[in-house]
Amino acid sequence: MPAIVQIQSLSKTYASGHQALSTVDLEIEEGEILALLGPNGAGKTTMISIICGIVSPSTGRVLVAGHDIVDEYRITRELIGLVPQELTLGAFDTVWNTVNFSRGLFGQKPNPAYIEQVLKDLSLWDKRESELRELSGGMKRRVLIAKALSHEPKILFLDEPTAGVDVELRQDMWKLVRRLNDSGVTIILTTHYIEEAEEIADRVGIINQGKLLLVEDKASLMHKLGKKQLQIELRAPVAAVPESLAAYKLEASADGCQLTYTYDTQGERTGITALLQDLHAAGLQLKDLKSSQSSLEEIFVSLVSAP
Amino acid sequence: MINLQAIRVIYKYEMLRAWNTLLQTIASPVIATSLYFVVFGAAIGSRIEEVEGVSYGVFIVPGLVMFALLTQSISNASFGIFFPKFTGTIYEVMSAPISFFEIVVGYVGAAATKSLILGTIILLTANLFVDLRVEHPLVMVLFLVLTCISFSLFGFIIGLWATNFEKLQLIPMLVITPLVFLGGSFYSVSMLPPAWQTVTLFNPVLYLISGFRWSFFEVADVSVGISLAMISLFLLACLGLVWWMFKTGYRLRQ
Ligand SMILES: Nc1ncnc2c1ncn2[C@@H]1O[C@H](COP(=O)(O)OP(=O)(O)OP(=O)(O)O)[C@@H](O)[C@H]1O
Ligand SMILES: [Mg+2]
């Protein structure tokens with residue numbers, strides 16, 4: 001079966017002359033959850049905006065369910081729901097009205113029972129008669145999700161859905177995403193956080209400076225990128241790493257007060273327990289332990305500089 | 001295929017918006033018109049008794065109605081499309097399976113409807129002050145409808161073009177208001193010195209008001225046929241402009 005979204009050498013140069021996307025190729029499979037990971041200004045929103053019809057592409061094309069997004073926009077847009085990054089909502093509409101407005105805009109006949117269900121799923125039912133300006137930021141985010149779901153889309157784009165969202169709503173959101181996904185909805189979300197991609201996605205695409213650097217299965221990507229470091233601070237400096245610890249390939253800092261151990265979180269075993277025992281056996285006294293994961297920036301550097 | 005549901009909800013929620021801001025949409029133009037009526041009708045009317053056989057108080061009614069229709073059609077329609085652009089909610093309209101045609105029908109249709117209702121209310125208000133007679137009701141309705149549609153369309157174009165609130169006010173304030181005042185809303189062009197009469201003939205609003213007035217009293221500055229031709233021409237020009245904006249995705253899609 002062909003991919004539900006096919007992006008073919010897509011480029012975008014804004015009127016300002018800024019190239020936000022350069023020849024992106026990507027196939028999104030039906031029913032998957034794809035996370036697009038990238039720093040500010042990478043081009044994530046631009047890519048989504050093109051697929052949804054808000055921004056015109058400069059070159060290249062996009063097919064949704066086999067239909068061109070420009071020539072056959074009526075077919076493609078009916079299939080798509082978009083939750084934008086910004087909290088863009090009117091001020092004086094009520095929740096109920098704005099969600100029903102969205103449904104009609106996407107060409108669907110009114111269906112109060114369905115809208116009721118969506119609002120209940122998003123814990124918005126009690127707020128249905130509230131004006132949008134009276135809602136908190138997190139509730140506005142939920143209204144945007146309800147609007148995006150109002151016409152029962154097959155493909156859902158969530159542009160940074162967790163920005164400004166508390167832990168509870170984030171968990172609710174992931175539950176909802178999984179439930180939608182189970183019912184067959186393809187989900188594309190953007191995020192700045194690798195943990196988030198790890199938590200929810202089947203596949204992860206990494207995008208930086210308008211280029212799609214790679215798209216890979218989450219598991220294999222985590223394996224590649226899932227290196228962690230353990231920093232061991234010592235009470236007294238060592239001149240050199242003791243012979244008995246050679247197997248761990250520790251790196252000592254210049255002043256000899258800190259040792260760094262690099263390990264693989266996805267490996268069978270991390271070797272931390274053994275290392276601690278061996279440190280003790282070597283007579284080294286520990287002051288503090290700290291573990292850190294390679295940041296997204298470091299991952300980019302390693303991806304870009306990799307041969 | 002036409003996305004009728006989309007037209008329906010745009011129209012419905014634009015009308016609903018007017019309902020929520022009823023005071024602004026209906027009451028303020030009615031009050032303003034009543035004030036004009038009192039000031040012009042009473043103050044000036046006591047000096048000018050009749051214009052071309054029609055008492056002055058009655059004579060200015062068509063001009064007042066047109067004045068309200070023009071300004072309100074433009075401000076309603078321009079605001080209706082400018083505001084979603086301003087707040088960013090336009091993203092939804094742009095990502096919907098809807099053509100520019102449907103957007104225009106929804107927004108302009110609602111704005112024109114509101115103006116039509118407003119025009120009717122003002123006529124009824126005026127009828128409280130003076131005894132109105134309408135010689136050609138069908139022509140009057142035709143002028144009302146054509147004016148509402150074409151100036152709502154014009155307002156829609158301004159709303160699309162405007163990138164800030166200043167620009168939104170610019171054309172209505174700098175162009176429309178002077179044209180209406182100088183277009184014979186409150187006087188007959190024949191009362192002006194000959195040189196000014198010629199200048200006034202270049203004012204498109206003159207034709208509108210003259211034709212509209214003719215439908216009431218059979219009194220006109222220019223023939224009603226020319227008036228109808230002018231308003232139709234203006235409507236066509238607006239339609240052409242909107243069609244061009246649609247082709248180019250003007251100011252909507254980057
Ligand atoms: N309308 C526009 N005109 C000109 N440049 C733009 C426009 N929109 C975005 N850009 C530029 O294009 C680049 C990509 O922007 P985009 O919003 O797609 O990034 P992003 O990956 O979504 O970033 P973020 O994580 O901050 O949301 C940025 O450099 C941005 O400044
Ligand atoms: Mg973005």
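Is A:Glu152 buried, partly exposed or exposed, and what is its relative accessible area? A:Glu152 is partly exposed, with a relative accessible area of 38%; buried means under 20%, exposed over 50% and partly exposed in between, with a 1.4 Å probe and protein chains only. The views below show a predicted model, in which local features need pLDDT of at least 70, side-chain atom pairs count only at pLDDT 80 or more, and totals for chains, interfaces and linings use all residues. Residues are numbered from 1 along each chain as its sequence is written, chains are lettered from A and ligands numbered from 1 in the order in which they are written, and side-chain values use heavy atoms, with hydrogens and water left out.

**View 1. Chain A as a whole.** Chain A holds 10 helices and 14 strands. Helices (H or I, at least four residues) and strands (E, at least two) are DSSP runs, numbered from the N terminus. Along the principal axes, the C-alpha atoms of chain A fill a box of roughly 75 × 45 × 40 Å. Of the 307 residues in chain A, 48% are buried. The domain assignment, which is automatic or from a database, divides chain A into domain 1 (5-222) and domain 2 (227-304). The centres of domain 1 and domain 2 of chain A, taken over C-alpha atoms, are 41 Å apart.

**View 2. Strand 7 of chain A and its partners.** Strand 7 covers residues 155-159 of chain A, and five of its five residues are buried. A:Ile155, A:Phe157 and A:Asp159 point one way from the strand, while A:Leu156 and A:Leu158 point the other way. Strand 6 (residues 80-83) of chain A pairs with strand 7 in the parallel sense over four bridges; two strands count as paired if DSSP finds at least two bridges between them. In this pairing A:Ile80 stands opposite A:Ile155. Strand 8 (residues 186-191) of chain A also pairs with strand 7 in the parallel sense, over five bridges, and here A:Leu156 stands opposite A:Ile187. Strand 7, helix 6 (residues 167-182) and strand 8 of chain A make a right-handed β-α-β unit. Right-handed means that, with the strands pointing away from the viewer, the path from the first strand over the helix to the second runs clockwise.

**View 3. An open sheet in chain A.** Four strands of chain A form an open sheet in the order 2-1-4-5, with antiparallel pairing. Strand 2 (19-28) and strand 5 (67-68) of chain A stand at the edges with a single partner strand each, so one side of each has no neighbour in the sheet. Strand 4 (residues 59-64) and strand 5 of chain A run antiparallel and are joined by two bridges. A:Leu63 stands opposite A:Asp68 in strand 5. A:Ala65 lies in the loop between strand 4 and strand 5 of chain A and has a positive phi of about 50° although it is not a glycine. A:Ser9, in strand 1 (residues 5-13) of chain A, is not a glycine either and has a positive phi of about 35°. Most residues other than glycine have a negative phi.

**View 4. A hairpin in chain A.** Strand 9 (residues 203-208) and strand 10 (residues 211-217) of chain A pair in the antiparallel sense over six bridges. A:Val204 stands opposite A:Glu216 in strand 10. The hairpin has two residues between the strands, and A:Gln209 takes a positive phi near 45°.

View 5. The whole structure has 10 salt bridges over all chains, a salt bridge being a side-chain nitrogen of Lys or Arg within 4 Å of a carboxyl oxygen of Asp or Glu. One of them joins A:Arg103 and A:Glu152 (2.8 Å, N to O). This pair links distant parts of the chain, 49 residues apart: A:Arg103 is in helix 3 (residues 95-105) of chain A, and A:Glu152 is in the loop between helix 5 (137-149) and strand 7 of chain A. A:Arg103 is buried at 5% relative accessibility. Another salt bridge joins B:Glu92 and A:Lys147, with the closest N and O atoms 3.0 Å apart. This pair crosses between chains, from helix 5 (residues 90-94) of chain B to helix 5 of chain A. B:Glu92 counts as buried at 6% relative accessibility, and A:Lys147 is buried with a relative accessible area of 6%.
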